[in-house]
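Dear colleague,

I am handing over the structure below, together with a description of what was found in it. Please read the notes with the sequence and the coordinates open beside them.

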Amino acid sequence: MSSLDAIKVAVEGIPAAADAAANALPVLHEIRHALDKLAASGEPTVIDLSAIPFGPGDLKQLFATLGKGEVEASVNAFGETRVSETQYPGVWLVEHFSPQGNDLATHIEVTRLPSMLVTPEQDIADASAALTLRLQQDHD
Amino acid sequence: MTDDLTLGERLRQQGVSRRGFLKFCAATASMMALPPSMIPAIAASLEKAKRPSVIWLSFQECTGCTESLTRSHAPTVESLIFEHISLDYHHTLQAAAGDAAEHAREEAMQEHYGKYLLVVDGSIPTGENGNYSTIAGITNLAMLQEVAAGAAAIISVGTCAAYGGLPHADPNPTGAKSVEDLISGKPIINVPGCPPIPTVITGVLAHYLTFGTLPELDGLRRPKAFYGQNIHDRCYRRPFYERGEFAETFDDEGAKKGWCLYKLGCKGPTTYNACATAKWNEGTSWPVESGHGCIGCSEPNFWDAGGFYQALSEPTGDAGGTLLGAAAAGVAAGVAAGVLNRRSKADAAEAHEKITVEDLTRD
């Protein structure tokens, strides 16, 4: 036991939830408008959460309100990207991490399918060529 | 040499897939404070981006700006941006020393004359013919003038290079001046802060890489994407200000409840920077979130603008009545103060007279 343990420490001053500045609410309204737009015109919306001034607890509150939905996916490209649908279908949480695991960007996508899950056009052509080559090699 | 690879080619060579590239562009857009709707355009430009030559000159400075950049929190994206520029001279980071280092600078200047980017941190002493600070026997002033002549554009990183900063503080013993005080006829962009937020430095470089141009600037030549709004307007504690809930000391109930720090000297209402959203230390926090007011480090003459712990004061004079009038009309003080702030930076040197919170918040 180090002598430091003899020092009495009282933890205080952690603000109660009621004191949070409640900056999640405007984002939730923005998401609702984006859902209406998606329903009416099919136009998707991406919200960059790093561009929004959140205080302590705001992000937690936002994510808690959005909850978990039916789909969860992990994309392994230039580090992990976690894509999950929230309990409100069409509202997706897309979290980009670097290969070292640091936060790169966190987006809310209001769309049918987030762009990270769609196969890039050029990859489809490349895949066909690669598979054709493989079949030829097997045949020879 | 892989010098003529485009950024897209370079990333693919490193095994980054197309989805990975899309993600890289999403992170870059976020870093440049551009809306996510710009991601496809950024991807198209970055795919083709060529490698620019960059000469970085450090003058009368503390190396804090370079520290900020090299310890930035999204090392992957930023190091990829950095690998894609050809940093031909940076006397703190380069391995070469003495004549070899100066030779690298001269060679880069000759080879890319008219096309290289010049990054400057630190102010330039002009007293005693500039002899307060020399590199390889060349005064900072002479080196700046020589290198600036062949630059496509100049980025002044940090408040010292942008506005004179600490060396320029009263009584300014070395006659320190900013880059824009000494150089004309070149595009100059100021990225102030003591130090600037690392992602803001890289964001400006990324913008140049992506679009080949400098971003849109405000009246003090700062990129609007990062310095377009003041700290106060983007502060998560702003609702407490609106309700008149202020911390009176650093350990009272208000401070513990996270109330507004205005009365404790926060310079948020007159300071333009991205701290409230970009934050510091891996996005952990920023001064106001950790309980200390903003000291206004991205504004000209912030060292001489009154004490860090004195409630904000405003320049008096013709504009004073406008400020109070606007506040009385219910317009946020920060907005009016911002208008004042955008006047010429000489105004900042004017006499300050303390006004009270009551002046700003009365009905």
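Of the 140 residues of chain A in this predicted model, 28% count as buried. The secondary structure of chain A comes to three helices and five strands, and along the sequence these elements follow the pattern α-β-α-β-β-β-β-α.

The five strands of chain A form an open sheet in the order E1-E5-E4-E3-E2, and the pairing is antiparallel. Strand E1 and strand E2 (72-76) of chain A are the edge strands, each of them pairing on one side only, and from one strand to the next the twist averages 20 degrees.

Helix H1 (residues 24-41) of chain A lies across E1, strand E4 (91-97) and E5 of chain A, and runs at about 50 degrees to E5(A). H2(B), for its part, packs on the sheet and touches E1, E2, strand E3 (80-85), E4 and E5 of chain A, with a direction that makes about 95 degrees with that of E5(A).

As for the contact between the chains, 34 residues from chain A and 32 residues from chain B take part in it. On the side of chain A that touches chain B, the elements that give two or more residues are strand E1 (45-48), strand E5 (103-110) and helix H3 (121-139) of chain A, and the largest share, four residues, comes from E5(A). Sorted by class, this side of chain A has 16 nonpolar, 13 polar and five charged residues.

Which residues touch the most other members of the largest nonpolar core? They are Ile55(B), Leu118(B), Val120(B) and Leu144(B), in a core of 114 residues. Helix H2 (residues 18-31) of chain B gives the largest share of this core, eight residues. Because domain 1 (50-226) and domain 2 (231-361) of chain B both give residues to the core, it lies between them. More generally, nonpolar side chains in soluble globular proteins tend to be buried together.

Val120(B) deserves a separate look: leaving aside residues up to four places away in sequence, Val120(B) touches Leu57(B), Phe59(B), Leu144(B), Ile154(B), Ser156(B), Val157(B), Ala161(B) and Val179(B).

Strand E7 (residues 151-157) of chain B is mostly covered, with five of its seven residues buried. Six bridges join E7(B) to strand E3 (residues 116-121) of chain B, and the two run parallel; within this pairing, Tyr116(B) has Ala151(B) as its bridge partner. E7(B) is also joined to strand E9 (residues 188-191) of chain B, here by four bridges and again in parallel, and Ile154(B) stands opposite Ile188(B) in E9(B).

With kind regards

Definitions and conventions
Residues are numbered from 1 along each chain as its sequence is written. Chains are lettered from A and ligands numbered from 1 in the order in which they are written. This is a predicted model: local features need pLDDT of at least 70, side-chain atom pairs count only at pLDDT 80 or more; totals for chains, interfaces and linings use all residues. A nonpolar core is a set of buried Ala, Val, Leu, Ile, Met, Phe, Trp, Tyr and Cys residues joined through C-beta atoms within 7 Å. A residue is buried if 20 or more other C-beta atoms lie within 10 Å of its own, exposed if 12 or fewer, and partly exposed in between; C-beta atoms are placed from the backbone. Domain bounds come from an automatic or database domain assignment. Two residues are in contact if their C-beta atoms, placed from the backbone, lie within 7 Å. Ala, Val, Leu, Ile, Met, Phe, Trp, Tyr, Cys and Pro count as nonpolar, Asp, Glu, Lys and Arg as charged, and the others, Gly among them, as polar. Two strands pair if DSSP finds at least two bridges between them. Axes are lines fitted to C-alpha atoms, for helices over the stretch in contact, and angles run from 0 to 180 degrees between N-to-C directions.
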